[in-house]
Amino acid sequence: MCIGCHGIPGYQASFPEVHKVPKISGQNARYIAAALTAYQKGERKHPTMKGVAGSLTEQDIADVSAFYEAGGKPGAPAPAGAPPSADVQALLTKGNCAACHGEGLNKPIDASYPKLAGQHADYLFVALKSYQTEHNPQIGRGNPIMAAQAKLFKPSELKQLAQYVAGLPGDLQTVPQSRFK
């Protein structure tokens with residue numbers, strides 16, 4: 001079922017608002033597994049993803065995670081991105097983003113943390129806002145560390161961060177897959 005959304009370049013979701021579905025090829029397997037488990041447990045709230053993740057066994061999650069991790073850009077490290085503006089640098093410093101997401105926001109310090117560089121800006125914006133959402137049974141994410149970080153920012157600042165991070169070179173991509181192999 002993953003390829004039905006994550007294997008279509010430019011495919012958009014409409015919950016909780018219209019945004020491109022995230023690029024997951026090249027993402028760390030441990031992060032993908034953690035995200036799927038969080039959907040199963042309701043720590044991440046998204047009706048479609050809860051339904052998909054809820055049908056997966058631990059082995060399914062391990063297999064899907066390994067498959068998508070292997071689908072990233074092989075070879076040489078990504079070149080450095082353009083330096084951030086002073087405003088964006090201040091936001092990156094305020095959020096201490098590199099402390100967890102690593103160099104270029106593409107080398108997390110722990111494989112259970114996501115690579116962010118090159119992710120769709122509209123998805124990043126929606127994801128960051130979801131950490132600010134509380135007491136909503138349909139929308140939100142339960143990670144207390146990210147919730148504390150995201151709450152430091154106004155929506156306009158989250159949008160600035162998302163735009164900058166989306167422009168960074170990274171390993172993430174959408175890899176079209178044939179439905180019939």
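1. Basis. This is a predicted model, where local features need pLDDT of at least 70, side-chain atom pairs count only at pLDDT 80 or more, and totals for chains, interfaces and linings use all residues. Residues are numbered from 1 along each chain as its sequence is written, and side-chain values use heavy atoms, with hydrogens and water left out.

2. Helices α2 and α4. Helix α2 covers residues 29–41 and helix α4 covers residues 58–70. Helices are DSSP runs (H or I, at least four residues), numbered from the N terminus. The two axes come within 8 Å and cross at roughly 140 degrees. Axes are lines fitted to C-alpha atoms over the stretch in contact, and angles run from 0 to 180 degrees between N-to-C directions. Oblique is what remains once angles under 35 degrees (roughly parallel), over 145 (roughly antiparallel) and 65 to 115 (roughly perpendicular) are taken out. On the α2 side, the contact uses A29, I32, A33, L36, T37 and Q40. On the α4 side, I61, V64, S65, A66, Y68 and E69 take part. Contact means heavy atoms within 4.5 Å.

3. The aromatic pair. A search of the whole structure finds one. F67 and Y68 form this pair, edge-to-face, with 5.0 Å centre to centre and 90 degrees between the planes. Rings of Phe, Tyr and Trp (its six-membered ring) pair if their centres lie within 6.5 Å; planes under 30 degrees apart are stacked, over 60 edge-to-face, the rest tilted. F67 is partly exposed, at 42% relative accessible area. Y68 is buried, at 3%. The cut-offs are under 20% for buried and over 50% for exposed, with partly exposed in between (1.4 Å probe, protein chains only).

4. C2. This residue lies in the segment before α1 (3–6). C2 touches G7, V64 and Y68, leaving aside residues up to four places away in sequence. Its C-alpha atom is 35 Å from that of K94, 92 residues apart along the chain.

5. Helices α7 and α9. Here residues 121–132 (α7) meet residues 155–166 (α9), with axes within 8 Å and crossing at roughly 140 degrees. α7 is therefore oblique to α9. Contact residues include L124, F125 and L128 of α7, and L158, K159 and A162 of α9.

6. A charge over a ring. The charged end of K159 sits over the F125 ring, 4.8 Å from its centre. The test is NZ of Lys or CZ of Arg within 6 Å of the ring centre and within 35 degrees of the ring normal.

How values were computed:
Helices (H or I, at least four residues) and strands (E, at least two) are DSSP runs, numbered from the N terminus.
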